[in-house]
Amino acid sequence: MNGKKLLVLLAAGFSRRFGPENKLLYELDGLPLYCHTLDKLAALRDEETDVLVMTNTPEIQTYCTENGICWGPSPEAAEGIAATIRAAAARAEEEQACACVFFVADQPKLKLSTMRGFLHFCAEQDAVLACVKAQAGRGNPVWFGKQYFDALSALRGDVGGRSILAQHSKEVLFYPAEQAELTDIDTPPCKSQNNPLK
């Protein structure tokens, strides 16, 4: 597939289950949580691959600016994830991207090799919809071809792209990943128990 791919890091959620602190700034293995995915995304940039971070967190915005990474605010984020997805889809339309690929900022174990392999797979297969899949189910990242930008722009509330995948299941391609890579952090890891991220 020829054309620009826009890799979007969704980092505008409120992380209410995590507690009072901003989950994305939580330090894990010496790095803020969001950096584990963002730094890998930055390594994937090339002439046909851009990165966009959707965030309202000043620390993340500053990090992006200092490292030459594009970011955008999500002023209606309180509505739910759909608002941030709509904003990202509008940016993809503006940039005439051929695909918008969504990543989340709380999957620190997602490997760079898996991310790169997924993007190559989608391009080679001329995918219109795709996601990674492990034994326990599917997850992020998720690839949306430009054919589905209108559907992304129509999302409302706390409903993400999963609803589009469900409606068009026959179009969805799957790329294998290890189960640990799809583990996200919803609550602070407890030091007194086995940390599932280790």
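This is a predicted model: local features need pLDDT of at least 70, side-chain atom pairs count only at pLDDT 80 or more; totals for chains, interfaces and linings use all residues.
Two strands are said to pair if DSSP finds at least two bridges between them.

Select E7 together with strand E9 (residues 172-176): the two run parallel and are linked by five bridges. Within this pairing, lysine 133 lies opposite proline 176 of E9. A hairpin of two residues connects E7 to E8, and alanine 134 has glycine 137 of E8 as its bridge partner. Five of the six residues of E7 are buried, so the strand is largely enclosed by the rest of the structure.

Turn now to the largest nonpolar core, which has 32 residues; Leu7, Leu38, Leu41, Val53, Phe103, Phe118 and Trp143 are those with the most contacts inside it. Among the elements that each supply at least two of its residues are strand E1 (5-11), helix H1 (33-43), helix H4 (112-124) and strand E7 (129-134). The largest share, five residues, comes from H1.

Centre the view on leucine 7. Beyond its neighbours within four places in sequence, leucine 7 contacts residues including Leu41, Leu44, Val101, Phe103 and Leu119. A second, separate core of 25 residues can then be selected through Met54, Phe102, Val128 and Tyr148, which are among its members.

Finally, select helix H3 (residues 81-94). Buried residues in H3 include Ala82, Ile85, Arg86 and Ala92; E1, E4, E6 and helix H5 (149-153) are among the elements covering the buried residues of H3. Just after H3, glutamine 96 adopts a positive phi of about 55°.

Notes:
Residues are numbered from 1 along each chain as its sequence is written. Side-chain values use heavy atoms; hydrogens and water are left out. A nonpolar core is a set of buried Ala, Val, Leu, Ile, Met, Phe, Trp, Tyr and Cys residues joined through side-chain atoms within 4.5 Å. Buried means under 20% relative accessible area, exposed over 50%, partly exposed in between (1.4 Å probe, protein chains only). Helices (H or I, at least four residues) and strands (E, at least two) are DSSP runs, numbered from the N terminus. Contact means heavy atoms within 4.5 Å.
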